[in-house]
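Thanks for making the time this morning. I would like to walk through one model with you, beginning with the chain as a whole and ending with a single pair of side chains.

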Amino acid sequence: MAKILKLPDAVYEDLSCVSKELTAMAEKPVSLSMTVYLLTEIYRAHVRDPCARDHFRQRLVSSNIMSPEEFENACDKNQAGR
């Protein structure tokens, strides 16, 4: 069963652009859900490598990650500026 996912407009637009790029590369349609799946598989493949996983973890720990609310507000503000 399909699930509904709420995305900020800027994230949706980025995902749509990636979907179009994948469609061009594959020379066949790649839907938004297929794009999310492929990006998830790329992430999993990346973090299976211990060095890449450690580096990614260190970057996450040391980064200044926003709360979900701050992220959505920042996306909204970014979208308004386009």
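The chain has a radius of gyration of 15 Å, whereas a compact globule of 82 residues would have one near 12 Å. Please keep in mind throughout that this is a predicted model. Along its principal axes, the C-alpha trace of the chain spans about 40 × 35 × 30 Å.

As for secondary structure, the chain contains 4 helices and 0 strands, and when it is read along the sequence the pattern is α-α-α-α.

If we take the contacts between residues at least 6 apart in sequence, 35% of them join residues at least 24 apart.

Now to the side chains: how many aromatic pairs does the structure hold? There is 1 aromatic pair, and its partners are Tyr43 and Phe56, whose ring centres are 6.0 Å apart and whose planes meet at 65°, so the pair is edge-to-face, the cut-off being over 60 degrees. Because Tyr43 lies in helix α2 (residues 32-48) and Phe56 in helix α3 (residues 50-62), the pair ties together parts that are 13 residues apart in sequence. Tyr43 counts as partly exposed, with 43% relative accessibility, and Phe56 also counts as partly exposed, with 33%.

Terms used: Residues are numbered from 1 along each chain as its sequence is written. This is a predicted model: local features need pLDDT of at least 70, side-chain atom pairs count only at pLDDT 80 or more; totals for chains, interfaces and linings use all residues. Side-chain values use heavy atoms; hydrogens and water are left out. Helices (H or I, at least four residues) and strands (E, at least two) are DSSP runs, numbered from the N terminus. The radius of gyration is taken over C-alpha atoms; the globule rule is 2.2 Å times the number of residues to the power 0.38. Contact means heavy atoms within 4.5 Å. Rings of Phe, Tyr and Trp (its six-membered ring) pair if their centres lie within 6.5 Å; planes under 30 degrees apart count as stacked, over 60 as edge-to-face and the rest as tilted. Buried means under 20% relative accessible area, exposed over 50%, partly exposed in between (1.4 Å probe, protein chains only).
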